[in-house]
Amino acid sequence: MAQKEDVFKKIVSHAKEYGFVFPSSEIYDGLGAVYDYGQNGVELKNNIKRYWWEAMTLLHENIVGIDSAIFMHPTIWKASGHVDAFNDPLIDNKDSKKRYRADVLIEDEIAKIEEKIDKEVAKAAKRFGDSFDEAMFRQTNGRVLEHQQKRDVLHSRYEKAMNDNDLKELRQIIEDYAIVDPISGTRNWTDVRQFNLMFKTQMGSSADATMDVYLRPETAQGIFVNFLNVQKTGRMRLPFGIAQIGKAFRNEIVARQFIFRMREFEQMEMQFFVRPGEELDYFKFWKETRLKWHKALGMGDEKYRFHDHEKLAHYANAATDIEFQMPFGFKEVEGIHSRTNFDLSQHEKFSGKKIQYFDPELNESYTPYVIETSIGVDRMFLSVLCSSYEEQQLDGGDTRVVLHLPKALAPVKCAILPLVKKDGMPEKAREIMDMLKFDFACQYEEKDTVGKRYRRQDAIGTPFCITIDGQTLQDNTVTLRDRDTMQQERVAISELPRIIGEECSLNNLLKKLV
Ligand code: ATP
């Protein structure tokens, strides 16, 4: 574990050193859980967004996009339930003066017990070898059963407290299980309080005419309140979807793990409207479709898993997370939710406007049901960065840091490197750049030895380096170096667009999805 945390620290500093992610307002000592994307980060982020947007809107004839405003009428957040229920239970430790989410402290305690069970299982698996029957072991081993029972008792107490919104009971659980602050090691806790995660501000200039408005905590509501606009003006027929990419804001109590949990972040959400009764089939369809989108990036199928929700929000009838194996464990990157007709009905109720769809086949009007796919751009970015980062030992004792980014997402697709700064090589290199730059993000570099330039490109994940040397001027060939294998081959300049295009184009990635 310590080793994995070390790797994560290295990834965070690599992200800064190579212009991917900077702490916000750094010269003023930063702003908690807010980050800026640098020159390479913004390109990677834009490529992730393009991949998602085009997968949604180009590959599905019945999905269109919108871009709604961040500010919305405050009643929207009343209707959606965010004003009353978008809360986290918080608790402070009086010694460390640190603030925690009470639910997270208890979940960590549950995870600790689960870890003990897993350790017993792993030990036994080693002891028994091939003949090990894990299911049988879990059902019969005394120690496992004891831990399991302890876990179940805690889990059901916790679940009930959360469902009942019982803050006193959450506090009592923390007391009963002697949960300590990981920093101070003490149990000197305050009471548990509810904390609303929405940022509030005022709109309007004259004191009596101002209105409290919120920075949206999700982009989805902008889609729901535009359902009729899009359906009518686009003459959309069910089933159809509306996609949106945009900023969201949450005043997270504990913001940690770099860009995993931020106070300002970006979401890519798609609401798919269907006939009532058909929602679970579409839920299944979107689960599969979204996982395929992730896996097509080639970061390793074993790094993904579904985590189906046992505890559903009162309006949902199915929900799952796509989790990705980060250096700090499997974590949610995307949520897929079957939200019934809750949101549209709520907006109908609160706005007093009829929000229904007339189904010409059934000859009746109804409130559509919704399947939502919701992914955080920044979490996706983090998963790409973490799975790409490698410190490689090379022959001869040398090391290199390389980002094996999915090639279509790489900020720079090819580096153009004249071997030396003379003998007509820079001019030839510029000619090649002028040919390629309309299709691929290219970077021209002539400073330092070519070896050093290769390392710099490896560190930002550039798939190809093109080196122009003396021979280039004679026969119009260059060396093309592959980031992952470091193999170099001599190829004709005229072949470059085809080779780079095959490996790096977003189109080829999208074609894997159909
Ligand atoms: P969590 O349980 O981690 O707080 P959530 O279940 O509240 O997340 P959703 O409301 O389902 O998250 O939001 C959808 C997606 O938005 C998440 O899967 C995640 O990728 C992203 N997301 C949510 N909160 C944050 C945040 N604070 N920082 C970065 N991304 C976030």
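Tutor: Start with pairing: two strands count as paired if DSSP finds at least two bridges between them. This model is predicted. Here strand E4 (residues 87-92) and E6 are joined by four bridges and pair in the antiparallel sense.

Student: Which residue in E6 is the bridge partner of Asp 88?

Tutor: Phe 195 is the partner of Asp 88.

Student: What is the strand order of the open sheet?

Tutor: The order is E5-E4-E6, three strands with antiparallel pairing. Strand E5 (99-101) and strand E6 (193-196) are the edge strands, each pairing on one side only. On average, neighbouring strands of this sheet are turned by 45° against each other, direction ignored.

Student: Which strands does helix H5 lie across?

Tutor: Helix H5 (residues 102-128) lies across E4 and E5, and runs at about 65° to E5. Helix H8 (residues 167-176) also packs on the sheet, where it touches E4 and E6. The direction of H8 makes about 45° with that of E4.

Student: Glu 175 is in helix H8. Why does Glu 175 count as partly exposed?

Tutor: Partly exposed is the range between buried, under 20% relative accessible area, and exposed, over 50%. Glu 175 has 33% relative accessibility, so it counts as partly exposed. Its C-alpha atom is separated by 8.7 Å from that of Trp 189, 14 residues apart along the chain.

Student: How is the protein divided into domains?

Tutor: There is domain 1 (87-195) and domain 2 (407-511). Their C-alpha centres lie 52 Å apart.

Terms used. Residues numbered from 1 in each chain as written. Predicted model: local features only at pLDDT ≥ 70, side-chain atom pairs only at ≥ 80, totals over all residues. Heavy atoms only, no water. Helix = DSSP H or I, 4+ residues; strand = E, 2+ residues; numbered from the N terminus. Axes fitted to C-alpha atoms, helices over the stretch in contact; angles between N-to-C directions. Contact = heavy atoms within 4.5 Å. Domains from an automatic or database assignment. Buried < 20%, exposed > 50% of the residue type's maximum accessible area, 1.4 Å probe, protein only.
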